[in-house]
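Hi everyone, thanks for having me. Today I'd like to walk you through one structure, starting with its charged pairs and ending with its pocket.

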Amino acid sequence: MRFTGYALTGAFTLFMLFDVGIKLMRHPMVEETMRQLGFPGGLDVSIGVIEAVCLVLYLVPRTAVLGAVLLMGIFGGAVATHLRHADPLFSHILFGVYLGFFMWGGLWLRDPALRAVFAVRNMAA
C-alpha cells in the first residue's frame, strides 16, 4: 500500500513539476491559454510560484496535509474557471478533480496517520 502511495505521489509530483516549470518559463502556450481564460498577462508566473510553494509543502511529510489542502484550493479554482468557460467536462473541468484524487490518494496510501483519520470502513459488518 505504501509503495502505491509513493508511486501516485511521484506521478503527481512529476506532473506538477512540469506544470510549474512551463509557468515559470513563461511558455507561450501558457500565456495564450491564460489570456483565453481571461487572466491578465504575467499572472502565470505568480500562479507557478504559488503552486511550487504548495508542492514543496505537500512533499514535506510534516506539512503534507497543509500542502494538499492548499493545492486543492488551486485545483478548485481551475475547475471553476473551466466551468465558467463551458469547457469540455471530462478533459478540462474535471482535470483538477483527477489531480486531487492522485494527490490525496498518494498521501492517504503513504501516511498511516491520515488513514487512521479517514479510515475506510467495512460496510458488511
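Let me begin with a term: a helix here is a DSSP run of H or I that is at least four residues long, and helices are numbered from the N terminus. Please also keep in mind that this is a predicted model.

With that term in hand, look at helix α2. Arg 35 and Glu 32 sit three residues apart in helix α2, so about one helical turn separates them. Their side chains meet in a salt bridge, with 2.4 Å from N to O. How accessible are these two partners, Arg 35 and Glu 32? Arg 35 has a relative accessible area of 52%, and because the cut-off for exposed is over 50%, Arg 35 counts as exposed. Glu 32, at 31% relative accessibility, is partly exposed.

How many salt bridges does a search of the whole structure find? The number is four. Another one joins the side chains of Arg 26 and Glu 31, at 2.8 Å from N to O. Both ends are partly exposed: Arg 26 has a relative accessibility of 39%, and Glu 31 has 32%.

Now please turn to helix α1. Asp 19 and Lys 23 both belong to this helix and lie four residues apart, about one turn. Their side chains form a salt bridge too, at 2.8 Å from N to O. Are Asp 19 and Lys 23 buried or exposed? The cut-off for buried is under 20% relative accessible area. Asp 19 has 14%, so Asp 19 is buried. Lys 23 has 10%, so Lys 23 is buried as well.

The largest pocket has a volume of about 800 Å³. Which residues are closest to its centre? Of the 27 residues in the lining, they are Asp 19, Lys 23, Leu 37, Ala 78 and His 82.

The largest share, seven residues, comes from α4. Sorted by class, the lining has 17 nonpolar, seven polar and three charged residues.

Notes. Residues are numbered from 1 along each chain as its sequence is written. This is a predicted model: local features need pLDDT of at least 70, side-chain atom pairs count only at pLDDT 80 or more; totals for chains, interfaces and linings use all residues. Side-chain values use heavy atoms; hydrogens and water are left out. On a 1 Å grid over the protein atoms alone, a cavity is a set of points where a 1.4 Å probe fits but cannot get out, and a pocket is an open set with protein on both sides within 12 Å along at least five of seven lines; lining residues have an atom within 4 Å of a point. Grid points are joined across faces, edges and corners, and a volume is the space filled by probe spheres set on the points. Helices (H or I, at least four residues) and strands (E, at least two) are DSSP runs, numbered from the N terminus. Ala, Val, Leu, Ile, Met, Phe, Trp, Tyr, Cys and Pro count as nonpolar, Asp, Glu, Lys and Arg as charged, and the others, Gly among them, as polar. Buried means under 20% relative accessible area, exposed over 50%, partly exposed in between (1.4 Å probe, protein chains only).
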